[in-house]
Structure formats: structure tokens, C-alpha cells
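Reader: I have a model on the screen and want to learn how to read it. Can you take me through it feature by feature?

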Amino acid sequence: MGTLEFYRAVLIPALNQGLWVSVKIIVPSALLGLTIGILAGAGRTMGRPALARVLDAYVAVFRGTPLVVQLMMWFYGLPTVSTFLESTFGQDIRPFSDLFRLSPYAASVTAFALCSGAYQSEYVRGAILSIKRGQFMAALALGFTRGQIFWRITAPAAARRALPGIGNEIIYLIKYSSLAMIVTMSELTGQTKAVASIYFRHLECYLATACYYLAIVTAATWLLAWAERRLAIPGDPSHG
Amino acid sequence: MTASLPGAGARPAPGFAPGSAAGTSPGRVQGPAPDSSPEGPPASGAASLPEGPGLSPCLLQVCGISKTMGGKLLLDNVSLTLGAGELKVLIGPSGGGKSTLLQCIHFLTPPDSGDVLLDGESAREMSRRNICLFRREIGMIFQDFNLFDHLTARDNVAVALRRVKGLAKKAAYERALSELDRVGLSSKALLYPSQLSGGQKQRVSIARALAMDPKVMLLDEPTSALDPELIGEVLKVIQDLHDGGMTMLMVTHQVGFARHITEEFLFMEGGRITERGSPEELLREGSGSRTADFCSKLSEIQGG
């Protein structure tokens, strides 16, 4: 098979298929991760001390352990709980215990969302802390309730500050989504590995995959830059 | 919310009797007029008020406020009153408790003990919800403006009108523009705080406070963060407010301005009001007051 023919008939279709799987992993993971990050970041800065401590622990665990290890735990480790439950309570518990047998897709999204959320919460926390306390006092003095202050004053101001960091984390997420391969997902990297080892054309396959990732990241970068421009406050040096 | 008190004395606050002057005039024995119904004959209600300057009905009463933070006593049993339309000036060295006092009056940092009465209503006894209502009746101006950086000048003024007072967008914008016009900034309505000068920012913050129709304004060093040539424009707005009858308590180091505008100086040091009196009284040559000493030092630095 000629090189061009290999590209046209084998590699590109395989990569396109993998790309679709990757997107199906990345988009929900990024959205879920961001949601978790916003809630955790807000809870850590403005929640009750007990809640803040629980969320601090979450971040410490998920930032402090390798993502591969987390992924393995969700996919290979968790079913052990099902087995244990079934051996203790009998097969009747099956509907419940099966919840711990995650599909490769569910395990990937769970792992990426929770890991991403831990990092996102740091960006959100930093942004909230950067909003001057004076603005909080001014809003309080005008008669705002604490909830209103968060939604009307702190959140819109903090969102603009957090956006560059949030974008950075999403770009990381796009690339570490390739780890889904190790829990048997046939996403972009998984497809590449399969094709490369069958046809023994590693250099071309991985170069092509790198280009795919670069294209996704570039598209995401543009999107984020556009969002930043949309939200920028004229004359504010921190937004360029 | 209650009506303001045109017929002052009709609703005496606990522990405070605006009509107490009646007790000092033994000629008036016909019985305690304040006990009559709130609708009581307006003529006698007005007559029971002592007449003369400086004895306007009391609007804001601060009763024995104390505050300890981080083991340090910042306010030690501070009391003062503000009559409607009065402007009093708090002066004194940094760390003397002036800013803390304003924040406690506003219940932004609730005092450990003591109470604040606005129109005779005790802030101490209010629920969380009512405290928000209480706060919007008192305007606060901060040294460093504290504008909302992500909102235009117009939206800075309108946001509380919409979210706190519940005005419709159009009505809130109209009101915001008229308040900005009042401080001479209608042409800057669509600029963001970062595009405004310090003096303009402070005027926006004054417009923002005024839009809430406060009964009292607390001003915490409104000109201290400004370039010297921008101070005048803010002082002019304050002068206009005073002329318009706004009740104000101002912390300032602008002694020259303050002595012309105020009826009373309150000198604060070590968490207490140590001296109080009219500017003439306290700043008289050879009065030997701490206030005179402090003001003369300030004037030296400020060059007059």
C-alpha cells in the first residue's frame, strides 16, 4: 500500500473516528469539570469552614495523585466494590452494585471531570480572592444580601479574572484525554496506536495524531480568546 | 419601613427622649405630650420641640458602641447623635477608630455592644433581612471608592436600584443618569471605573449612594485617595449635599473645608471621642484643645 493510499483509506478514517470519540469525552469532561471547579472554588472561599475543609481535601487528593492512577481506580479498582457487595449481600443487590462497574467511557469522564474540577477550583478561588474586599463592603452597604453580592458582583468580576486559567486547564484536558486509551477507549490516541502497530508506520501515525491535537487545541484557544475579548472591560490593564 | 420623622417626638426611641427638653422647662406641666397618639395635634407637637438652631430632630443615634477585634479594643463606648440635616466631622489620628466607627454604625461590622438607632429604630433588634433594609437607608462613601470594576458608571449606580430596590431596567437607568447628572458626570455614564479619574470615581460612588435615597450619609475620608487638584470637585459635591439638607457624618483630614461646613467636630483617639464642640470653640487660639493641636499640624503639612 502506498503512503497516500494508506493515509486516505486507513489512517484518516481511523483518526476521524477517534476524533469523534475524543470530542465526546472532552466536551462533557470540560463542562462537568468547570461546574465542579466553580462550585468547589466558591465553597472554598465563601462557604462555611467545615465545607471549605472538605473541599480542600478533595482538591488535595485529586491534585496530589497521578491522573493515570485515578483513571485505573475508577475503571479497574471500583468493580471490586461491586464484587464485595455481592459476596456480602447476595446477588439481589446487583442493581445497586452494578453502579460501581463503570464503562470505559463513564470511567474516563468521571476521572477527567473530577481531576479537572480540582484544578479549576484553584483558578476560581484565586479569581474570587482577587476581587477586592472593598467591593463586597460597598455592595453590603447598598443593602445587597450575601447571595446577591456573589451572583451580581463577585461572580461576574471573578469570571473575567478566572477565564485565562480556566482556558489553560481546558487545553490540558484536551491533551490528557488521550489517557482514556489505557481504559480501552478507542479515542484519537487509542486509534493511532492500533493503526500504527498493525501497519508498523509509527512516525507517520503519531505525527498525524499530533496534528489533530494541535488543531483541536488551536480551535479551543481561539474560542477562549474570543470569550476573553467579549468579556473584557475597556481600559482594564488586567484584561489586555 | 417607617416614615421619616417630620413630627419628631411623636415616636420616641427607647432610652431616648427627643422631647426631654420638656423636662427642663417646668412651665410646661400640662402632661407629657409625647404620650398622645402619633396623630396628635400638629400644633402642640411642633410646639413641644425646642426651637433654635442646632436642635433639629435627632435622626441617627449611636449609643455606647464598643468593638474589639483581634484582641484590640477599637471602639470604647462611643456615643453620638445626628440631627436631620446636620453634618458632623470626625477627625483624629489614624488608628483612632474613625473608620471602624462608621462601619459599626452601618452594621457592616456589627458592634460588640451598644446600638444604633435610625429614626428611632434599633439596628440591634433587626433580623438579617431588616438589616439589609437598614443598610440601604444609610449611604456609605469609602476612601478608595470601591466601585464595581466590571460595571460602567451608569450600571454601578443602577445595579442596586435594580437588584435591591427592584426597579425595572429602564427606570433604574433613568434614575442612575439623573444621579450622575447631579454630580456632573452625565457624559461619563458609559465609561468603566478604570477609565475615570479618582475624583470622577468618587463622584460616581456618591451618585451610587444617593440613588438609594439614604437618610444619612457616612463619608470615610472621601478625598484622601485623590490627587490634590481633584479634591475640590468632590468637596463641592459634598457642599451641595449639605446645602440640600443631607444628614452626614464625615471623616476627613480636610480641616479647612470641614471647619467652614460643620457645626460640630468630634475628635477621636484611642477608640473614644475625646473632644467635641463647634469649630470656633475647639480651634480658638489658645484653646489648648487636642483638636486645635492636631489641626494645626495638618495645616502645616497641607500648606494652609
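Predicted model: local features only at pLDDT ≥ 70, side-chain atom pairs only at ≥ 80, totals over all residues.

Reader: How many helices and strands does chain A have?

Author: Elements here are DSSP runs: helices are H or I with at least four residues, strands are E with at least two, and both are numbered from the N terminus. Chain A has ten helices and zero strands. Its pattern along the sequence is α-α-α-α-α-α-α-α-α-α. The C-alpha trace of chain A spans about 75 × 55 × 25 Å along its principal axes.

Reader: What share of chain A is buried?

Author: Count C-beta atoms, placed from the backbone, within 10 Å of the residue's own: 20 or more others means buried, 12 or fewer exposed, and in between partly exposed. In chain A, 35% of the 240 residues are buried. Take Leu231(A), which sits in helix α10 (residues 202-231) of chain A. Leu231(A) has 13 other C-beta atoms within 10 Å, so it is partly exposed.

Reader: What does Leu231(A) contact, beyond its neighbours within four places in sequence?

Author: A contact means that the C-beta atoms of two residues, placed from the backbone, lie within 7 Å. Beyond those neighbours, Leu231(A) contacts Arg160(A) and Leu163(A). Across chain A, take the contacts between residues at least 6 apart in sequence: 76% of them join residues at least 24 apart.

Reader: How do α1(A) and α9(A) cross?

Author: Two packed helices are described by the angle between their axes and the distance between the axes. Axes are lines fitted to C-alpha atoms, for helices over the stretch in contact, and angles run from 0 to 180 degrees between N-to-C directions. Helix α1 (residues 3-46) and helix α9 (residues 188-199) of chain A have axes that come within 7 Å and cross at roughly 155°. Therefore α1(A) and α9(A) are roughly antiparallel; that label is for angles over 145 degrees, with under 35 roughly parallel, 65 to 115 roughly perpendicular and the rest oblique. The contact includes Phe6(A), Val10(A) and Leu11(A) of α1(A), and Val195(A) and Tyr199(A) of α9(A). Its residues divide into nine nonpolar, six polar and no charged. Here Ala, Val, Leu, Ile, Met, Phe, Trp, Tyr, Cys and Pro count as nonpolar, Asp, Glu, Lys and Arg as charged, and the others, Gly among them, as polar.

Reader: On to chain B. In what order do the strands of the sheet lie?

Author: Strands of a sheet pair through backbone hydrogen bonds, either parallel or antiparallel. Two strands pair if DSSP finds at least two bridges between them. In chain B, six strands form an open sheet, ordered β6-β7-β8-β3-β9-β10, with mixed pairing. β6 (138-141) and β10 (272-277) of chain B each have a single partner strand, so one side of each is left without a neighbour in the sheet. From one strand to the next, the twist averages 20°.

Reader: Which strand does β6(B) join?

Author: β6(B) runs parallel to β7 (residues 216-220) of chain B, with four bridges between them. Gly139(B) has Met217(B) of β7(B) as its bridge partner.

Reader: And β3(B): which way do its residues point?

Author: In a regular strand the side chains alternate between the two faces of the sheet. Leu87(B), Val89(B) and Ile91(B) point one way from β3(B), Lys88(B) and Leu90(B) the other. Five of the five residues of β3 (residues 87-91) are buried. Four parallel bridges join β3(B) to β8 (residues 247-251) of chain B, where Leu90(B) has Val251(B) as bridge partner.

Reader: Is helix α3(B) mostly covered or uncovered?

Author: Mostly covered: seven of the eight residues of α3 (residues 98-105) of chain B are buried. Among them are Leu101(B), Leu102(B) and Cys104(B). Phe107(B), which follows α3(B), has a positive phi, near 60°.

Reader: Last, how many residues does each chain give to the contact between chains A and B?

Author: Chain B gives 21 residues and chain A gives 20. On the side of chain B, α4 (128-136) and α5 (153-163) are the elements that give two or more residues. α4(B) gives the most, four residues. By class, that side of chain B has eleven nonpolar, five polar and five charged residues.

How values were computed
Residues numbered from 1 in each chain as written. Chains lettered and ligands numbered in written order.
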